[in-house]
Each structure stands twice: as structure tokens, then as C-alpha cells.
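Okay, thanks for coming, everyone. Let me put the structure up, and then we'll walk through a few spots together.

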Amino acid sequence: MPDELTPARHAPRRLLVTGGAGFIGSNFVRHMLASDPSVRIVTLDALTYAGRLENLGSAMADPRHSFHRGDICDAASVRELLRGHSIDTVVHFAAESHVDRSIVGPAPFVTTNLVGTFTLLEAARDVWAERPPAGVRFHHVSTDEVFGSLGEHDAAFSEATPYAPSSPYSASKAGSDHLVRAYYHTYGLPVTGTNCSNNYGPCQHPEKFIPTVIRSCLAGRRIPVYGTGRNVRDWLYVEDHCRAVEQVIRSGALGQIYLVGARNEQRNLDIARLLCRLLAEALGQTAERYLELIELVVDRPGHDFRYAIDPSRIEREVGWRPREGFETGLRKTVEWYLANRAFLEAPG
């Protein structure tokens, strides 16, 4: 087994991207097609409520891209895709990801996030058994929520932070992280992984916080903010995240998980207020028209107080750094939703 701290160069050529019709996955597919003319991409997505073919945009007409509707828990279909397309790189975004939904109904989170990840790992181990490890890679995308909650003055999460998930969602992602590491240590499967902070940007599902604020403003409805609004999240523009994933796949150390964040902690209430101001500016309205819609609502069960990521390792070892500032990224996000208002009424 290679030393897990030794960078291993990898040149992805034929990628299977799971969850590629979702928010981050679709941005990644479009990013890779634009940044590397040598890649071929197969997108696998079940097209549940959070996945839309429209998210893939120009990729759907690109001859280097093909879409397959299917379930990552379907072992035979996954193996067929890996073999039939000579896949050398699996990029695993597919997940049930909305914390509120996991509280109401955790079963799909266990099935998709745990069983689905297991199925992909087993398929890759089987199909790649005769291939040299240097020529293949399995990359797993996860979340900072696996580490639980930070206090106001606690140090940011690092790769050494113990796991302490608080919701069924984060527990299922923690389990999938452990499976990926186990397949590296037990079977020598060449894996890398990233745990990212909260993403924002184009194509994010309307149920998420930033699109919810935008939708509420445009509809003149209350803007719900949990608890006191003081909960803190570390925000990352989705294109910066996509670049991080690509760089880790190409040059990250095998067996290593990298934390991806922009050192951009923001309180939920402050984000809602900033969005109100940006929308008012874009639409020629007064900010007060939207600010008065903000309403603090009963907190959700087990609501983590603060997330924050120390991205020193990925900066030092991989050379990644975010390019987008928070306010400029939010402006781009607001502009995208204003130009794609129908997206805010997506079913599900």
C-alpha cells in the first residue's frame, strides 16, 4: 500500500460522476468539461427531487458527456458502467443532503449515503482489480458536518478533528467517510476525499438556505431563520469547491481526506440581511422592503451552532485556494437566480 501522505499524480480521462445532475455535481461536470478537453464524463444520477437534467446545461450537448439515469445502490448497473466506459476515476457526489429531511425521514439517508457508497466501493474494487492503482482513483465528497458543532471560540475543524455527527444526515456521511478509508487501508483501493463547508452558487436546490431567502424575498413571504440567527456556517462558492476536488484528484495523497473551506464564517441572520440588500440593489427596491420579511422561527432539533474549516492542509499540499470573495459570490448567485427564476419553484 502506498504511503498515505505521499502525493500521487493522477490524470483522469474517463470519469464516472455520481449525483452529477445535482447542485455541486452538475457544477463539477461543467467545470471539468470546460477545463480539460481530454476528459470523457459519464454522469450517473437517479433524478430524485434534487437532481435535474437542466442543471447540466451545455454538458448535455457535449459529445464528451453521457448521462445515465440510475441508482448507485444498483451494483450490476454500476459495474456495467465502470467496465463499459473503461472508467478510471469515480467522483462520488451522490447523496441525500438536506438535514431537515433527514430528521423527518432518515431511512433514505442511510440507504443512499451508506449503502450507495458501499456499492460503489465494491464495484470499483471488483472492476479495477486487475488495473494498476496508479491509473485509477475513487474520490469521495463529504461534509464538515461529520465533525459536529463548534463553540463560538473553538478552533476550526482540521483533518485531525474527531467525528461527532449530530443529525441522521451527518451520521450517514460519517459512516460513508469511514467506509472509504477502510477500503483504502484494507484493500488498497486508491482513494482520496474532501470534506467541504457549506456551498452556495448556481443550481442549488430551493430548499437550501440561500435560495430560500431569495425565493421568499421575490414572493413577499416571510424569510425563516432558525433560532436566534446566530448560528455560524463557513461558506464556499461552488466553483471554488469544484476546483478543489479536481486538484485533489490530480495530486492529492492517496488515502488522505482534505478539508475544503474559504475561511468565511458568517452568521445566518447576517447572510439573510446581506441577501436582502443585494436583491434590493439588483431590483431597484429599498432594502427595508425585504429586511422586514425576516422572521426568527423555532430552532430545528440538534441544530449545530457553528462550523468552521481550517484549509491549511489542502492549501499547503495541493496548492488550492478559493478565488471568490463572499459578497462577490453572493452577487453572482443572486444574479443567476434572478435570471433563472423558474428554478426557485423546482418540485420536491
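So, to start: which backbone oxygen does the side chain of arginine 306 reach at 2.8 Å? That's the backbone oxygen of aspartate 154. Keep in mind that this is a predicted model. The arginine 306 side chain also gets to the backbone oxygen of glycine 151, at 2.7 Å. You'll find arginine 306 in the loop between strand E12 and helix H10, and with 7% relative accessibility it counts as buried. Its contacts include Ser149, Phe157, Val232 and Glu265.

Next, helix H1, residues 23-35. Here 10 of the 13 residues are buried, among them Phe23, Phe28, His31 and Leu33. What covers those buried residues includes strands E1, E2, E3, E4 and E7, plus helix H7.

Now, salt bridges. There are 22 in the structure. One that I like joins the side chains of aspartate 36 and arginine 250, at 2.6 Å from N to O. Aspartate 36 sits in the loop between H1 and E2 and arginine 250 is in helix H7, so this pair ties together parts 214 residues apart in sequence. Both ends are buried: aspartate 36 at 9% relative accessibility, arginine 250 at 18%.

Then there's aspartate 270 with arginine 273, where the closest N and O atoms are 3.9 Å apart. These two are three residues apart in helix H8, so about one helical turn separates them. Aspartate 270 is partly exposed, at 30%, and so is arginine 273, at 32%.

Last one: glutamate 317 forms a salt bridge with arginine 316. Arginine 316 is exposed, with a relative accessible area of 60%, while glutamate 317 is partly exposed at 30%.

Key: Residues are numbered from 1 along each chain as its sequence is written. This is a predicted model: local features need pLDDT of at least 70, side-chain atom pairs count only at pLDDT 80 or more; totals for chains, interfaces and linings use all residues. Side-chain values use heavy atoms; hydrogens and water are left out. Helices (H or I, at least four residues) and strands (E, at least two) are DSSP runs, numbered from the N terminus. The expected span of a helix is 1.5 Å times one less than its number of residues. Buried means under 20% relative accessible area, exposed over 50%, partly exposed in between (1.4 Å probe, protein chains only). Contact means heavy atoms within 4.5 Å. A polar contact is a pair of N or O atoms within 3.5 Å; within protein, one must be able to donate a hydrogen and the other to accept it, and residues adjacent in sequence count only if both atoms are side-chain atoms. A salt bridge is a side-chain nitrogen of Lys or Arg within 4 Å of a carboxyl oxygen of Asp or Glu. Lists of a residue's contacts leave out its neighbours within four places in sequence.
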